[in-house]
Structure formats: C-alpha cells, structure tokens
Number of protein chains: 2
Amino acid sequence: MDKTQEILAIASKRGLFFPTAELYGGKAGFYTYGHLGKLLKNNFEQLWRDYFLNLDDNFYEIQSNNILPEKVFIASGHVKNFNEIMRECKKCHSRFKADDVKSKCMKCGGELTEGRTFNMMFKVPIGFAGETGYLSPETAQGAYISFKNEFQATRNKLPLGLAIIDKAYRNEISPRQKFFRLREFTQAELQIFFDPANLDEIDDELWNSIKSYKLIVKRNEKKKEEEISLDEINKKMKIGKFYLHYAAKVQQFYLDVLKIPKEKFRLREIGEKERAFYNKIHFDIEINLETFGGFNEIGGIHYRTDHDLKGHENISKESQEIFHNNKRFIPHVLELSFGIDRNIWALLDLFYDNEKKKNETYVFRFPSQLAPFQIAILPLVNKDGIDNLAAKVHNELKKNFHSTYDDSGSIGRRYARNDEIGTPFCITIDGESRKDNSATIRDRDTTEQFRVKISELKDTISKVFKGESLIKFGKKVDTRKM
Amino acid sequence: MDKTQEILAIASKRGLFFPTAELYGGKAGFYTYGHLGKLLKNNFEQLWRDYFLNLDDNFYEIQSNNILPEKVFIASGHVKNFNEIMRECKKCHSRFKADDVKSKCMKCGGELTEGRTFNMMFKVPIGFAGETGYLSPETAQGAYISFKNEFQATRNKLPLGLAIIDKAYRNEISPRQKFFRLREFTQAELQIFFDPANLDEIDDELWNSIKSYKLIVKRNEKKKEEEISLDEINKKMKIGKFYLHYAAKVQQFYLDVLKIPKEKFRLREIGEKERAFYNKIHFDIEINLETFGGFNEIGGIHYRTDHDLKGHENISKESQEIFHNNKRFIPHVLELSFGIDRNIWALLDLFYDNEKKKNETYVFRFPSQLAPFQIAILPLVNKDGIDNLAAKVHNELKKNFHSTYDDSGSIGRRYARNDEIGTPFCITIDGESRKDNSATIRDRDTTEQFRVKISELKDTISKVFKGESLIKFGKKVDTRKM
C-alpha cells in the first residue's frame, strides 16, 4: 500500500472518515467524518476561529443559508460562468472534466465526445411552485448579501470582517481526488470589507512590526519558491500593505499555530490568465503533500475588489454604497478562503509517521491542540480499586481536556492504539498510584515516561501543551527496569 | 408592537438574525444569523455538546452529508411518507398546508382547491446524469447509515451514541412561523443505539440515584402537566428505565444548565394517533412561549425501535445485525432531537425583559454561558492613557471570555447598549484605574457596581460565572455619589 491507501484504510478503520452511505455503495465526492475525524475537524475550526477572528475586534462570524435564491448567483456570475466542460467516452461512457483528459478515454482508451458545458451548481427548486435556488458553491456570497445588515449592526466601521464556516457544494463531474474534489465540503472563509483607498495604507507601527517578515512565495514567472520580506514584495510587486499584512498572518497560522514544517508551505501567485477575472491579486495557499506528489492548493488569498457588491447592487437595485470617513463608496473585499477538508487531509499527510518498517505500527504526530484526544487514561489493571481511581482521574480531567478512557488489552497495546490516533499523552494509573497518589505520563513522541502527582496532572498537562518540558514536572521512569 | 415584533426588530437591528437575501426581498423560511446570533448559537451548541456527549464515554459526534442518495430515504420511509397536503386559493393563489386551513382562503376568503400531495424533501440531482439525491430532512439518517462503521471503529460497545449537529431541510409550503417553520434549519440530534433487552434494565446504582427525580409531564389523556417521579412513571406508564433516565437528563439540561424557569418547561406525551408509526414512545420537549401564546415543541425524545436500521437492511441488503454480549440482534434507537433555531427563539422569548414602560430600554437576561458577549470593556474617556489601559485589559481578558470593547458614547449609553445585547458584566476603566490598578464591574441584572483589582478580574469573573456573589470580590461603589 502507498501512503494514500494506508491513510484511507486507517481513516475508515479508526473512525476518522469513510465514504457516506457505504452500505448503498457510496457516491463519489461524499464523505462522513467519524468520531475521531469530527474531533479533529472541530479542533481545526476552533483554532481557525480563535486565530482569524482575533486579528481585529471588528471581525465576526455569521451564518447564512446553503440554499440561496437564483438572483444571488446571477449577480455573482456563477449562473453564467461557474461551468466545467465535460467529455464522455463513446465506448465505456466514463465522464471526465475536459481539463483532465487529452483525446482518449483515461479508462479504456476509447474516443471522447466533444466537450459539453455543465454548470457545477446544484439546483434546488423551492416551494410548491419550484422557484429556482442553488446550493451555494462558496460561503462568500452569504457574507456579501449580509454586508449592509451587518455593517449597520456593528456600527458602521471599516475594515469589517465577516467569516462563515459552512458547507459548500459543487456538482463535480469526476470527483476522484478524495478530499481534494468533494461534491459537499466545508469552507472557512473570511471576507474583509475595506476602504480601497487604504490598500497600501496601514498603521505605521503595525507595518514596521511586520515589514521584515519573510513570506515564502512562488512568483508566477519563477520556477521555485523564495523567501521575500513584505517590504520587498510591496516595492517589487506593487502588492498593497493591507493585503501583505494578511498574507503574513495566514503564513503564521500555518507555521506557528498548526506547526507545519516551513519547507512544506508556500504562497503561489496566480497570474492574470489563470485567476478569476474579478481577482485582482490572488495567491493560493499550498502545502507540499507526499500523497499528491507535490504542492497542492488548500486555500487562497483573494483581492476580489468590489466585484461582488457591485454585482449585487446591479441585480438587486439596492445600493451597496456606504458612508464612511466622510466619503461614499462601495467597499472592496479581501477574501481569506480555506478548504477545511483539504486542510484535514493535509494534516493527516503531514503528521502521519509510518514506522512499519521497524515494528508494524504507525503514529499520527498531531500537535496537542489538534489531536482528537489530548490524553488517554489507562488503568494498569481492572481491579483493586485501580479502575475506580482511573475513572475518577478521567472524569476530572475531561472537564479540561479531550480525554479517552481505555481499559482493554495489554498496556503496550493500549499505548500503540493511542499512538495510532495521535494522542499526545497516555496517563497510566497503577498499584502505586493508590499509595502515593501519582501516575505515569507517557510522551507519544519520545515514548519517555514520567511520574507525576495526580493532583498536579491538570497543571502539568496544561503547561506541557504550552511548550514546557515534562522533565520539569515529573521524575523520569527508567522503563528498562519495567 | 407586540413582543414578537419587538424581538424581530431588535434581532435585525443588532445582528442577532435577519431574513436571508433581504436585498432581493428575501424568501420565506430562510434566516441568516448575524454576529451576535451566531455567538449565541455557538454557545448553545457547545453547551449541548458538553452536556449530552458527556452522559456516556461511548457517545460521540460525527458529521454526515446534507445531500444523501435516494435509497437512504426510500429505506427511512421519507420518499413515501414525508408529505404534506397543499390547498391553493382559486382567487388569490395563496398556498396553505391543509392542516392550517378550513374551507376558505385565510387571506382573501376565496374558495380553495382540493388537497394535493407534496413531498417536503428538496430533491437534488447529482452529477451530469442527474441521479436523484435529497437534502436530508433530519440529521438522524446520517447517523443510521454510519452505525456499522462507527460501531466497529469504537470497538463494538453498546450503548453507542452518535450525535450530529447539522443543517436539515424541509420544503415547507407556507413557512410563516418565523423560527418555528424554517426551510433550512439546524438540528442537534443524538441517536443512542442500545440492546432492546435493556430497555428496563439500567445500572441499579444509577436508577436509585434518579428514581425519585420528578419529571414535568403532560400525559396524553390529561389536560395539565404534573410532576411525577421516574419510579412512578415507570410503574404506571410502563416506560422503561433506559428511556426515563434520558428524559430526566433532558429536563435537567433545560432547568439546570440553561436555567429555564421550571414553570416554562414540560414533556408532552404524544399519543399513538399523533406520533409517527415508528415511534413507540414519544414525548415532545415543550417550552411555554409568550410569543406563541403557550407551550410549543422545541425538541423530542423518540424511541424509534429498530425501524430505521431494519429499513436500511431491507433496502441495502447489508445486514445491520451486530454481535454483542453473545447475542446477534439489530440494536434499537432512542433519539434525543433538538431544533436549534427553535431553542434560540425560545431563549430570546424567555430572557427578553421589556422595561420600556419605565425607561424605554430593554434587557436580555441571558445566563453568562449563553450571552453573546460575556463582558464589555469600557474606557471612561478616550485619552490620558485610559484607552490604552482598557485595550490592554480587553486583549488580556478576551483570551478567556467573549469580550467586546466599546468606547463610543456616554458611559450610560454604553451600559444600556450592553444590557440590550445581554452582556452580564461591563468593566469600566477610569482615571483612578491608572493610579490604583482597579476597575469597576457593573452587574447587568442588579446594576450594582463593584471596585476590583485589574489583576484579579479574570479570577473574579470566572468565579462569579460559576455562581459566586460579586460582593465577595470587590468593594461596592455607591453610585448615588457619582
């Protein structure tokens, strides 16, 4: 099995994710998150919220609808432009995106039909009369059509950020790339509405604090990525400080919060020919994935100008102008867009450590803030009150951490089982624990063990999650003697 | 304005919620949560998770798809049975649910057509060939079709709880009752799979600890609700202990966690004629709402037997039997189902306090764990370093609490503004704060003010949220002197 197959097998067996409605044979492009996958996804979404909504006091989360009226997508251009060209094999009737194939069928080598245009939105007739609606192919439009409501409700300040974390839907012709081409997927998108006069005008102090920070960018005309300071990019490429500040924040989210290795990350400039006509500046957020053989898009930073608000003004005849700092104008939009499922796959790819060659096991080395379970409580045996004490510790610690209780099989098997789902620390309660009120903490990554007072577990774990070393809190156990 | 109109006006003005795509005239049955509403909804969902998933170590959250293949709903019975009868006015063409009207049009008094059957699921054609799928009208089916995957992934234990918090969709004919009949809405549903032999067999110690707890129930044949102990209901009504234990937990969630006044809550028995044919025992969770003139359904406790798993076995030909405790059987399901939007409306109704008669203001008296913002930081003036100190306090406290910063308008206006969105505590930084490192905490409900050290704010607020009195932590300020 290659790495992709291995991850898919583990995901299904352990409850990370599996094809939806497998009992009916499933349907391409639809996946269900099992209990571990949902914990991982919830953790990711909460980190995203905590980070991006805290970038500015005027950034908020809202929730729109998945089904939106047709006019919304006439205004956005999706009804007209959100198309793929489909070609079908005349022999085996497999269907392909025209982009994906040359002249012959990829399955049987048969001849292909000419391309036919196919709108990728799911159409949903509303009410008895069947008025046309669509399932939203991006969460962004939900924020744009709420802009005036929210601008007023948040007391008329710019920049205003409206984030939506929700499903989006694309009726893909051939959803073959697992989590990278789903028909129903989750997006986290932050729309930042701002005064276009401020595109190159940010607070001096803020700019001085970040201008020498180096972005890892792959420029359009270059073969390789390079590290360039914001100041240099601003001068060379004429990309405004407002955009660059948020590009730096995106990079810091991946490197500093998610702990992605630096060499796996880059921002790829998308040139004029490749990008949507309404994007004036567009960098994709890319991660280098072994399972996809190179860098792949997991998000984007899009300067969408006033394209969308103007579109809605034209079709709705409702002015989208605001009055701000003594001027009337339609705000511009900077969009930070993230495919949550693609990010989840990237995390699985990056943190999967296949040690099989040595000893037939594997480990997910998730950072503690992402791991489905942060700790596992293991009673050494299920008797002599050890089980009761372990249950008590579990019930206490689960108030503060994602804790799992595991009392079946040998202790070695239980360590391995928790390594496999990426649990950073196992806490073992044994016969000694009842006498001296201490427990053993085992570190997933070093497999070292330390003896810590039960009353100090909560504090110790909190501090270790913040980066402190276990050695400061407990006495190292010599496992060779055990 | 009556209370409903008042709440709707506030909701729209302050960013709790508003009709989706208002700039296009909106569409009945679709609402957007603004920044305050989304905070309230996130808080509610997190309380729900923390409470219900902690009832058993084998209860988990998963996430399925909104679009599911047709066979799923053939198996569940929705394709055949999830219908409404629609009648149309021959004169003004208004459409009505047959249940809602008698012989004449409710709008113009015109004659109505005969009833026509209308399936309430949204149909979604999938892929280029347009295979039939549906938007799920309940999250439950996503859990049922994942049961075998998750039973195996969680190591074959019963009871197993699978919760889904997600959108559900019903193509209502006349979605006129605001949050109580939406076309797109959020459900939180917990499916508890268990051995039917254990319906009246729960752990003795557990039963003894709750059997004298009194449920507030309105029995089918009775006019009024009454308080009856679990033990008595178990004997009188032959409802199993397994069901009753969870019914008690649901009631405790409303009374103890959400702090709903006892007289506003009841569980209403749904008799054989009224309930779905697959529900063997069915109580609705009801709240007495002034805005709806009485008790209204906001959720339900449904003993669905093996109806759904058997249905899926029949249609998919995949056995849904499991091997557990040396027996082969199809598990039964107890479903705890909650309409999130209905719950949000109920919270607005219950905690809205209209004091207009006195002084033209109003207050939402949300408990601290529900309030969109838990604290507001207010610099008395925007100069002399007071603003900087206030910003510092805000940036520090927002790591632990939902905090909002408000520096515009008089301090009285800012107190009122925060009362209106239900912020439990306002913290004012003034000239004295810079000298003695203290701040004033104002209690929304008593309007009393206390002086507290800035370094002790975090600890004080945490303890007050847990129910301790402010008087223990600060010196009361005599506001008559101010």
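**Figure 1. Strand β10 of chain B and its partner strands.** In this predicted model, Y60(B) has L162(B) as its bridge partner in β10(B). Helices and strands are DSSP runs numbered from the N terminus, a helix (H or I) having at least four residues and a strand (E) at least two. Strand β3 (residues 59-61) of chain B pairs with β10(B) in the parallel sense, over three bridges; two strands are said to pair if DSSP finds at least two bridges between them. Strand β11 (residues 184-194) of chain B runs antiparallel to β10(B), and ten bridges join the two. A168(B) stands opposite F185(B) of β11(B). Is strand β10 (residues 160-169) of chain B mostly covered or mostly uncovered? It is mostly covered, since ten of its ten residues are buried. Buried means under 20% relative accessible area, exposed means over 50%, and partly exposed lies in between (1.4 Å probe, protein chains only). In a regular strand, the side chains alternate between the two faces of the sheet.

**Figure 2. The interface of chain B and chain A.** Contact, defined as heavy atoms within 4.5 Å, involves 77 residues of chain B and 77 residues of chain A. Together the two chains bury about 6600 Å², of which 54% is on carbon and sulfur atoms. Y24(B), Q63(B) and F128(B) supply 14% of the area that chain B buries against chain A, more than any other three residues. Buried area is the accessible area (1.4 Å probe) that two parts lose on being put together, summed over both. Across this interface, 45 residue pairs are in polar contact, both residues being at pLDDT 80 or more. A polar contact is a pair of N or O atoms within 3.5 Å; within protein, one must be able to donate a hydrogen and the other to accept it, and residues adjacent in sequence count only if both atoms are side-chain atoms. Helix α2 (residues 35-52) of chain B gives the most to the side of chain B that touches chain A, namely five residues. By class, that side has 29 nonpolar, 24 polar and 24 charged residues. Here Ala, Val, Leu, Ile, Met, Phe, Trp, Tyr, Cys and Pro count as nonpolar, Asp, Glu, Lys and Arg as charged, and the others, Gly among them, as polar.

**Figure 3. N65(A) and the residues of chain B that it touches.** N65(A) is placed in the loop between β3 (59-61) and β4 (67-69) of chain A. It is buried, with a relative accessible area of 6%. Leaving out residues up to four places away in sequence, N65(A) touches T20(B), F30(B), Y31(B), T32(B), K167(B) and E184(B). Its side chain makes a polar contact of 2.5 Å with the side chain of T20(B), and it reaches the backbone nitrogen of Y31(B) at 3.5 Å.

**Figure 4. Salt bridges at D406(B).** A salt bridge is a side-chain nitrogen of Lys or Arg within 4 Å of a carboxyl oxygen of Asp or Glu. Between chain B and chain A the count is ten salt bridges. One of the salt bridges in the model links R155(A) to D406(B), with the closest N and O atoms 3.4 Å apart. D406(B) also meets R417(B) in a salt bridge (2.8 Å, N to O). R417(B) lies in helix α14 (residues 411-420) of chain B and D406(B) in the loop between β23 (403-405) and α14, so the pair ties together parts eleven residues apart in sequence. R417(B) is buried at 11% relative accessibility, and D406(B) is buried at 4%.

**Figure 5. Two further salt bridges of chain B.** The side chains of E45(B) and K41(B) meet at 3.0 Å, N to O. Both residues lie in helix α2 of chain B, four residues apart, about one turn of the helix. E45(B) is buried, at 9% relative accessible area, as is K41(B), at 2%. In the second salt bridge, the side chains of E335(B) and R304(B) meet at 3.2 Å, N to O. This pair links distant parts of the chain, with E335(B) in strand β19 (residues 332-339) and R304(B) in strand β16 (residues 294-305), 31 residues apart.

**Notes to the figures.** Residues are numbered from 1 along each chain as its sequence is written, while chains are lettered from A and ligands numbered from 1 in the order in which they are written. In this predicted model, local features need pLDDT of at least 70, side-chain atom pairs count only at pLDDT 80 or more, and totals for chains, interfaces and linings use all residues; side-chain values use heavy atoms, with hydrogens and water left out.
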